[in-house]
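Subject: Structure for your review

Dear colleague,

Please find the structure below.

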Amino acid sequence: MIPAASYAAPAARAPLGPYHFQRRDPRPSDVVIEILWCGVCHSDLHQIRDEWGQGQFPMVPGHEIVGRVIDTGHDVKGFSPGQLAGVGCMVDSCRECPSCREGLEQFCEKGFTGTYASKDRQDGTPTQGGYSSVIVVDEAFVLRIPDNLEPAAVAPLLCAGITTYSPLKHWKIGPGSKVGVVGLGGLGHMALKLAHAFGAQVVQFTTSPSKRDDAMRLGADIVVMSNDSAAMKEHAATFDFILDTVSAPHDLNAYLQLLKRDGTMTLLGLPDTPPTVHGGPLLFGRRQLAGSLIGGIAETQEMLDFCGQHGIVSDIEVIAIQDINEAYERMLRSDVKYRFVIDMASLSKDTR
Ligand code: NAP
Ligand code: ZN
Ligand code: ZN
């Protein structure tokens, strides 16, 4: 076994603290990765508060992982020690169902294996995430990192990047599209950068007046304060697509009315209470309300390569693992510019 140092939530809603556990010895197709950087996703916060009701404790969160390969099983072909590697939200799936065969492992009909808060398919042990010193993952779920990008700022691409890239591709966003992004946090700022890079006209909706200048710098053509009903009305029935990244309950109806006929609004956020949706804006205009979940492994690699070609990374605030509980408090106040990334070297201060 391989000893791992980490920070874990001992129980739902408890603060994270140092935790030691063992990773498995590498199986033939496994890659052993020393973790250098791990992004902090709002999903980590939902999970440690057990808002999705599937928590397993102690829980080591973290699914935006960039590290260095330190060992490989004897069947591994694509990775070798010394190379940078990434791991996102999934570490396995059934690999046989129609979704897996199509490269849509996130929709595996038997349920994908999450990087944490899940169970290993072979031995049933709990999976533990990236707020840790080392991880062991089958190479089919390990990503290559473009070598021209700063590794720390690549980490958030493994969840926030793919989660926004995938729906923009699926709904064929490109030049001529008018796209709205609701919420300027980790997902929102990547949606802005990517929709802009795809050539769309992008409107950022925010509740934070202080983020206006940043939104313009990150790729918005227009910024709208979502509590300004006159400004909202100016955009009525003009959007092809709206990507909603908000992590808390909020009114969807105000945005549905901004879609053109046949326009789509796609939800990415997953608050613990369901939204109230009025049928009116959907019926009048045949508008659609949809959802999207991360992206498949091949598409995640495609996104990373796209970001490499276009020089796109996340805007990050690097923190030490000892600051994680405070970082969560700031995330709850929508005060992140625009993704926290943990420098895993900081683990050595108290646990390695
Ligand atoms: P985040 O960094 O905390 O950003 C969320 C943003 O939502 C905030 O910055 C804020 O933007 C806005 N917001 C927060 N509370 C609000 C409220 N009460 N009313 C209106 N706006 C509010 O979170 P994130 O990491 O981007 O994650 C966002 C959501 O996506 C979470 O629910 C997360 O679990 C989910 N998620 C889903 C997937 C998927 O596959 N679908 C993947 C990853 C994450 P402004 O300050 O601009 O208003
Ligand atoms: Zn995430
Ligand atoms: Zn499957």
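A polar contact is a pair of N or O atoms within 3.5 Å. By that cut-off, L187 makes such a contact with ligand 1, because one of its backbone N or O atoms lies 2.8 Å from an oxygen atom of the ligand. Please note that the model is a predicted one.

Two further contacts involve ligand 1. A polar side-chain atom of H42 lies 2.7 Å from an oxygen atom of ligand 1. For S292, a backbone N or O atom is found 2.9 Å from a nitrogen atom of ligand 1. In total, 29 residues surround ligand 1, and the closest are H42, T206, T207, S208 and R339.

Are C94 and C97 buried or exposed? C94 has a relative accessible area of 14% and is therefore buried, since buried means under 20%. C97 likewise counts as buried, at 8% relative accessibility.

Finally, there is the matter of cavities. The structure holds 1 cavity of 30 Å³ or more. The largest cavity has a volume of about 60 Å³. Its lining is formed by G88, C89, M90, L143, L158, I162, I294, G295, I297 and T300. By class, 7 of the lining residues are nonpolar and 3 are polar, while no charged residues are present.

Yours sincerely,
A colleague

Note on methods
Residues numbered from 1 in each chain as written. Chains lettered and ligands numbered in written order. Predicted model: local features only at pLDDT ≥ 70, side-chain atom pairs only at ≥ 80, totals over all residues. Heavy atoms only, no water. 1 Å grid on protein atoms, 1.4 Å probe; cavity = no way out; pocket = protein on both sides within 12 Å on 5 of 7 lines; lining within 4 Å. Points joined across faces, edges and corners; volume = space filled by probe spheres on them. Nonpolar A, V, L, I, M, F, W, Y, C, P; charged D, E, K, R; others polar. Buried < 20%, exposed > 50% of the residue type's maximum accessible area, 1.4 Å probe, protein only. Near = heavy atom within 4 Å. Polar contact = N/O pair within 3.5 Å; in protein donor to acceptor, adjacent residues only side chain to side chain.
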